Amino acid sequence: MTSDDFLHELEAETKAELGALEAAVPDVELPVEQWLVDPAEEAMEQASLRSLLGAVEALEDPGQ
């Protein structure tokens, strides 16, 4: 596997994870004790994935 293949695979996986997070329905109508995921943790995970995606895209296209 070349580094380009790795970057393309990492980019695809990161986009899939972001898509899954964005499509998730928040549990805000449930009591806090019944939430499956803390919205603050979800927001931090989205920010981390967006940062990773930006880094991957920058490595794939160093001319930008």
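**View 1. The side chain of Thr14 reaches the backbone oxygen of Leu10 at 2.7 Å.** That counts as a polar contact, meaning a pair of N or O atoms within 3.5 Å; within protein, one must be able to donate a hydrogen and the other to accept it, and residues adjacent in sequence count only if both atoms are side-chain atoms. This is a predicted model, where local features need pLDDT of at least 70 and side-chain atom pairs count only at pLDDT 80 or more, while totals for chains, interfaces and linings use all residues. Residues are numbered from 1 along each chain as its sequence is written, and side-chain values use heavy atoms, with hydrogens and water left out. Thr14 sits in helix H1; helices here are DSSP runs (H or I, at least four residues), numbered from the N terminus. With a relative accessibility of 2%, Thr14 is buried (buried is under 20% relative accessible area, exposed is over 50%, and partly exposed is in between, using a 1.4 Å probe and protein chains only).

**View 2. Glu11 and Lys15 pair up within helix H1.** Their closest N and O atoms are 3.4 Å apart, which makes a salt bridge (a side-chain nitrogen of Lys or Arg within 4 Å of a carboxyl oxygen of Asp or Glu). The two residues are 4 apart, about one turn of the helix. Glu11 is buried at 13% relative accessible area, whereas Lys15 is partly exposed at 43%.

**View 3. Arg50 and Glu22 form a salt bridge between their side chains, 2.5 Å from N to O.** This pair ties together distant parts of the chain, with Arg50 in helix H2 and Glu22 in helix H1, 28 residues apart. Both partners are partly exposed: Arg50 has a relative accessible area of 45% and Glu22 has 46%. By the same rule, the count comes to 2 salt bridges.

**View 4. Here's Gly54, a residue of helix H2.** Gly54 is partly exposed, with 34% relative accessible area. Gly54 and Glu11 are 43 residues apart in sequence, yet 9.2 Å apart in space, C-alpha to C-alpha.

**View 5. A patch of negative charge gathers on the surface, with Glu41 among its residues.** Patch residues have over 30% relative accessible area and no salt bridge, and like charges are joined within 9 Å. Helix H1 (3–23) and helix H2 (39–60) each bring at least two residues. H1 gives the largest share, 5 residues, while Glu41 lies in H2.

Conventions: Patch = residues over 30% accessible without salt bridge, like charges linked within 9 Å, V, L, I, M, F, W, Y side chains within 5 Å. Areas by Shrake-Rupley, 256 points an atom, 1.4 Å probe, with all protein chains shown as cover. Lys, Arg positive; Asp, Glu negative; His and termini not counted. Charge placed at Lys NZ, Arg CZ, Asp CG, Glu CD.
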